[in-house]
Amino acid sequence: MVIKVYLASSSGSTAIKKKQQDVVGFLEALKIEYTPLDIACSEENRMWMRENVPGEKKPTNGIPLPPQIFNEEGYCGDYETFFDAKEDNQVYAFLGLPPPPGSKEALQAEQVPLQNGTDPDQEPEDTPQEECNGVENGESEELAGEEAAEEGGEEVAGEEEEDAELADGAELEEDAEEAEEETRKEASEEEGEEGEEEEDVEEQEAQEEDEQPVSEEEDQAGSEDEEELRELEEPEEPQSEEEEEAPVTEEEEEEGADAEDEEDE
């Protein structure tokens, strides 16, 4: 027996896509083999699906929408009937398949003939209604307990996964902060080294300027400037009386004598 699921790969409806993913994902989770048939790429698949869906399952316009599920040529149902069977743990019965041993559906099937402690082929004996109700209530309580335990286990697993994700995120943040600090330290160290190198270069240039020899022209210019400064600083010496009185020559004396004789005459 082959389960056929008619799908529309290029459907523009998000609701149809979600329903198709729900059906396919659940079948894969239960490891039920199925064959997907795309009605968007094959006109033959589309026409076969429309012709083999029962009239009571078709909408008012007469065109059934995917997903539609078949077992070989037999119609199983659409998404709504599949969802109801999943909620009632009757998926294998919905698909027309025998439930695997140990599954919930198999356990439920085994408990049904043992309700009265007799073989299901034998005629049932008259049993008080209270006992039947007690058995049914006990079974429902057991099923409810199992479902609650499974839900609790799923919640615990989900919390553990969330805690692990949070721990991983915290570790990643710490690693990122450490990396940023290292880059900052390296940048500051590089800046310090560059500043030291610049200072060393400036000191070397200053030393080279001090050590450069002075040329002869610069020496002469410097000595001339020093001499001018000294002359300006030295005070002028007063001239002596002898220097002020110039010596009288013999000619001047003779002229002076002649002038005196003329005056006497």
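# Aromatic pairs and nonpolar cores

Phe82 has a relative accessibility of 1% and therefore counts as buried. Here buried means under 20% relative accessible area and exposed over 50%, with partly exposed in between (1.4 Å probe, protein chains only).

The model is predicted, so local features need pLDDT of at least 70 and side-chain atom pairs count only at pLDDT 80 or more, while totals for chains, interfaces and linings use all residues. Residues are numbered from 1 along each chain as its sequence is written, and side-chain values use heavy atoms, with hydrogens and water left out.

**Overall layout and confidence**

The chain has 265 residues, of which 17% count as buried. It contains 9 helices and 4 strands. Helices (H or I, at least four residues) and strands (E, at least two) are DSSP runs numbered from the N terminus. In that direction the elements run β-α-β-α-β-β-α-α-α-α-α-α-α. Contact means heavy atoms within 4.5 Å. Of the contacts between residues at least 6 apart in sequence, 56% join residues at least 24 apart.

The mean pLDDT (the predictor's confidence in each residue, from 0 to 100) is 74 for the chain, and 57% of the residues score at least 70. Confidence is highest in β3, at 96, and lowest in helix α8 (residues 241-244), at a mean of 50. Where pLDDT is low, the predicted coordinates should not be read in detail.

**Nonpolar cores**

A nonpolar core is a set of buried Ala, Val, Leu, Ile, Met, Phe, Trp, Tyr and Cys residues joined through side-chain atoms within 4.5 Å. The largest one holds 17 residues, and Ile3, Val23, Ile32, Ile69, Phe94 and Leu95 touch the most other members. At least two residues of this core come from each of β1, α1, α3 (79-87) and α4 (91-95). The largest share, 4 residues, is supplied by α4. Apart from neighbours within four places in sequence, Ile3 contacts Ile32, Glu33, Tyr34, Thr35, Ile69, Phe70, Asn71, Leu95 and Leu97. A second, separate core has 7 residues, including Ala8, Leu37, Val53 and Phe70.

**Aromatic pairs**

A pair of aromatic rings is described by the distance of the centres and the angle of the planes. Rings of Phe, Tyr and Trp (its six-membered ring) pair if their centres lie within 6.5 Å; planes under 30 degrees apart count as stacked, over 60 as edge-to-face and the rest as tilted. The whole structure has 7 aromatic pairs. Two of them are tabulated.

| Pair | Centres | Planes | Class | Elements and separation |
|---|---|---|---|---|
| Tyr6 and Phe70 | 5.5 Å | 80 degrees | edge-to-face | β1 and β3 (residues 68-71), 64 residues apart |
| Phe26 and Phe82 | 5.8 Å | 80 degrees | edge-to-face | α1 and α3, 56 residues apart |

Tyr6 and Phe70 are both buried. Phe26 counts as partly exposed because its relative accessibility is 23%. Tyr6, Trp48, Phe70 and Tyr75 are linked into a cluster by ring pairs. The charged end of Lys4 sits over the ring of Trp48, 5.6 Å from its centre; this requires NZ of Lys or CZ of Arg within 6 Å of the ring centre and within 35 degrees of the ring normal.

**The loop at Ser11**

Ser11 lies in the loop between β1 (3-7) and α1 (14-29). Its relative accessible area is 12%, so Ser11 is buried. Not counting residues up to four places away in sequence, Ser11 touches Ile16 and Lys17. A polar atom of the Ser11 side chain lies 3.3 Å from the backbone nitrogen of Ser13.

How values were computed:
Polar contact = N/O pair within 3.5 Å; in protein donor to acceptor, adjacent residues only side chain to side chain.
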